[in-house]
Number of protein chains: 2
Amino acid sequence: MSEPDNTLTAPRYGGLATDLYQLTMAAGYHANGRHERASFEMFVRRLPENRSFLLAAGLEQALGYLRHLSFNQDEIAYLRSLPVFAHVSREFFDYLSEFRFTGDVWAMPEGTVAFPGEPLLRVTAPLIEAQIVETFLLSTINFQTMIASKAARVVEAANGRGVIEFGARRAHGMGAGIYAARAAFIGGCIGTSNVEAGYLFGLPVYGTAGHSWTLAFEKEMDAFRAYHQVFPESTTLLLDTYDTLQAARLATEFGLQLRGVRLDSGDISALAKQVRAILDEAGMTETRILASNDLDEFKIADLLAAGAPVDLFGVGTELSTSRDAPALGGVYKLVEVEFPDRVEPKMKLSREKATYPYRKQVWRNRDAEGKFANDIIAMAAETEQHGEPLLKAVMRAGQLLETPPTLREIQQHAKQQLAALPTQYKTIRDAKSYPVRFSDHLFEQRMQLMKQLEQS
Amino acid sequence: MSEPDNTLTAPRYGGLATDLYQLTMAAGYHANGRHERASFEMFVRRLPENRSFLLAAGLEQALGYLRHLSFNQDEIAYLRSLPVFAHVSREFFDYLSEFRFTGDVWAMPEGTVAFPGEPLLRVTAPLIEAQIVETFLLSTINFQTMIASKAARVVEAANGRGVIEFGARRAHGMGAGIYAARAAFIGGCIGTSNVEAGYLFGLPVYGTAGHSWTLAFEKEMDAFRAYHQVFPESTTLLLDTYDTLQAARLATEFGLQLRGVRLDSGDISALAKQVRAILDEAGMTETRILASNDLDEFKIADLLAAGAPVDLFGVGTELSTSRDAPALGGVYKLVEVEFPDRVEPKMKLSREKATYPYRKQVWRNRDAEGKFANDIIAMAAETEQHGEPLLKAVMRAGQLLETPPTLREIQQHAKQQLAALPTQYKTIRDAKSYPVRFSDHLFEQRMQLMKQLEQS
């Protein structure tokens, strides 16, 4: 079978982009001849603070990583130089030099609304392969899912007004900023200020001018005129370098030609009303007001509730770091091992961290109006159809099964998903908990296994 | 002059790794023939929650970026395709195709203790160059400084016990995880679980085994024996897959050969005491206990206060995302423009966001015992010596002035800095605010400029 698409965003890291214990376990499995196929599932145990749903994201980068994963000779020489590998046989390093990911992957498409306990992704592969990839898959999907989920809240609060991702300077390094821009778009943002993200992913890019532009000219009006001359159709003037209302009055000189103005400090609600009045009085009813300055979904909701005439929101730090809940605790757990003669279900019993064994499918049920009603997590092997299956086969034997969707398609899917999620489960404050349960069969099978393990 | 070192960690991104408005402003400066040299300074306005000091980090990556910054033809073609650049002349894109950073940089060496208001870095370069680099410099230095500062707190709480950075899976993508590992080492961690970070930066790497290893074997003891056989000198057994105390009793079979055990769930303090007793009774007094599970500086301090016999701490999410304060608000502000006939100081007047004009130096004074007593932020042009100058020239005309220090040298510098910071300013709870003031001269000059600007 020829692969449908080889143009996934290439990962920038090779086989060493993982935790050391993945590689020592790999050496251990290798030394013990443990090449059985194993299944691991990634899921989130609990929703982060303020969240009532997740929006799955990061799959394309995860698949790109799996497609290209390998160890070059320098990387292998580095591993061999580590004291911990002193007693590991040469055969293991030979194995690594030929390493490719040959497994199968099932996953929720990016932009799917998901909940705690539900596998977002399942890997079935020889034990070593499935183990080594854990760290990268978690880091990628945890991060993008966290940002897409945050973006969906911010966009919900903006209630139809455009939200632009502005957070590159506060994201956790440039790489984080770029993938935050991607995930924010999935969550419903209209674009980003990050040009690299625009270039890599075809995202719409937006910008205004900075305070330094205004400061670089002797008079504020000189700065405004000079900018407008170079960007006659796309100037958004930043008003708060010296005095916002005075700057708004200067802005009226441009009349209908001025695309927008930006407020970046002070009492945004009061200033937006005053600036809107100044612009309207000059007949500039089409000139849009963009607001920024540490905005988040709560501040945006408050601004709109106060009637602030803001047309666009630039959201940086709070979005690109998911500041109120800056870590998503997704985990990747062994659920089955396939021996020649049997399939063994696996689960952890650790207090607070016990897991559910067996490969699973997530089923979603809708009400009469097509809205999401409840989800059921069942064993993949169950023949009963519990609704609409959310996990799809995306990779088989290390090859992609389908051309991945474009980012616009993903954003569209996310919009449909969010539209189908009843309001009570997505309000930014006091949302209700969406009903998710395990199938009776899975529940019983797990009880049996627990008993067995506790007796042994 | 030949450059001392060309081996800085190469940046992975080119000229597009910036906010769109930097590039539109660049086009605007170009169209207006604005090629004066300008000085921008990066500083943090306020300390994040729970923090009482910053530990500067990220300079090496910032300098690596500046050294290699350029725009390739694909990147330029992309920019030209954007509607916003429709009216920008071809000359600007020709300029970008030849673009190199030719400016000067002054900075606090990595590992220096710093405080709000103090410039961590100053760029003096032609206006366009200094503008374009803002986003990358902020993103890199904000992030690594945030993590190094957090790590210093965690290490302080561990009070001499080793702290290992374990956060790759929860960091904001793999890139963030790698640079978090670097910054955590600067802050005093003894190493990381992140192999790529070990490989790139020569950091010590650490690991144990995962729950999946134990689950992959039929009996827990089979798993323990198999691992120890492959790693006889460096096995740390993970005890909490099924029953921690039972696993600890199994671990005694390895006697003195067992390097360590790891606790990753439950009541760590109680379990550590029980496990220590089991090990000691078996004569395994040298076998170390490593604890993990969402640890931070507060939990570590509480564990040690409760007498938990933990030898090593694995700290992941809380450290690698700086979860309690996940964004550092460093800003980069224009302070001077050099015209042929004069140097113009620059400042913003925006409420809450007003800045200090003029290029500055930060001076540190010590008390009789060599401990830090107070800092003074003065104009760089002041002839008076206010103490020990913290900002050093690191780049001139785009070339490095010195071979950058190694990470071990940086960590050593940070240790000396932290040792010289009096305890009252670095306790993890209720630390006092370290005294920093502006020089009288700078204060007066700023007042004069404010008056001027408000009158104009």
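This is a predicted model: local features need pLDDT of at least 70, side-chain atom pairs count only at pLDDT 80 or more; totals for chains, interfaces and linings use all residues.
Residues are numbered from 1 along each chain as its sequence is written, and chains are lettered from A and ligands numbered from 1 in the order in which they are written.

Between the copies, 87 residues of chain A are in contact with 87 residues of chain B, contact being defined by C-beta atoms, placed from the backbone, that lie within 7 Å. Helix H1 (residues 20-31) of chain A provides the largest share of the side of chain A that touches chain B, namely 8 residues. Helices (H or I, at least four residues) and strands (E, at least two) are DSSP runs, numbered from the N terminus. The side of chain A that touches chain B comprises 44 nonpolar, 29 polar and 14 charged residues; Ala, Val, Leu, Ile, Met, Phe, Trp, Tyr, Cys and Pro count as nonpolar, Asp, Glu, Lys and Arg as charged, and the others, Gly among them, as polar. Because 100% of the interface residues of chain A are also interface residues in chain B, the copies meet through the same surface.

Within chain A, an automatic or database assignment gives domain 1 (20-145 + 328-455) and domain 2 (148-320). The C-alpha centres of domain 1 and domain 2 of chain A lie 38 Å apart, and each of these domains contributes 19 residues to their contact. On the side of domain 1 of chain A that touches domain 2 of chain A, at least two residues each come from strand S2 (54-55), helix H6 (134-158) and helix H15 (407-420) of chain A. Of these elements, H15(A) supplies the largest share, 6 residues. This side of domain 1 of chain A divides into 10 nonpolar, 5 polar and 4 charged residues.

Chain A also contains an open sheet of 4 strands with mixed pairing, in the order S16-S14-S15-S19; two strands pair if DSSP finds at least two bridges between them. Strand S16 (388-389) and strand S19 (436-438) of chain A are the edge strands, each pairing on one side only. Strand S14 (residues 360-366) of chain A pairs with S16(A) in the antiparallel sense over 2 bridges, and Arg364(A) stands opposite Glu388(A) in S16(A).

How values were computed: Two residues are in contact if their C-beta atoms, placed from the backbone, lie within 7 Å.
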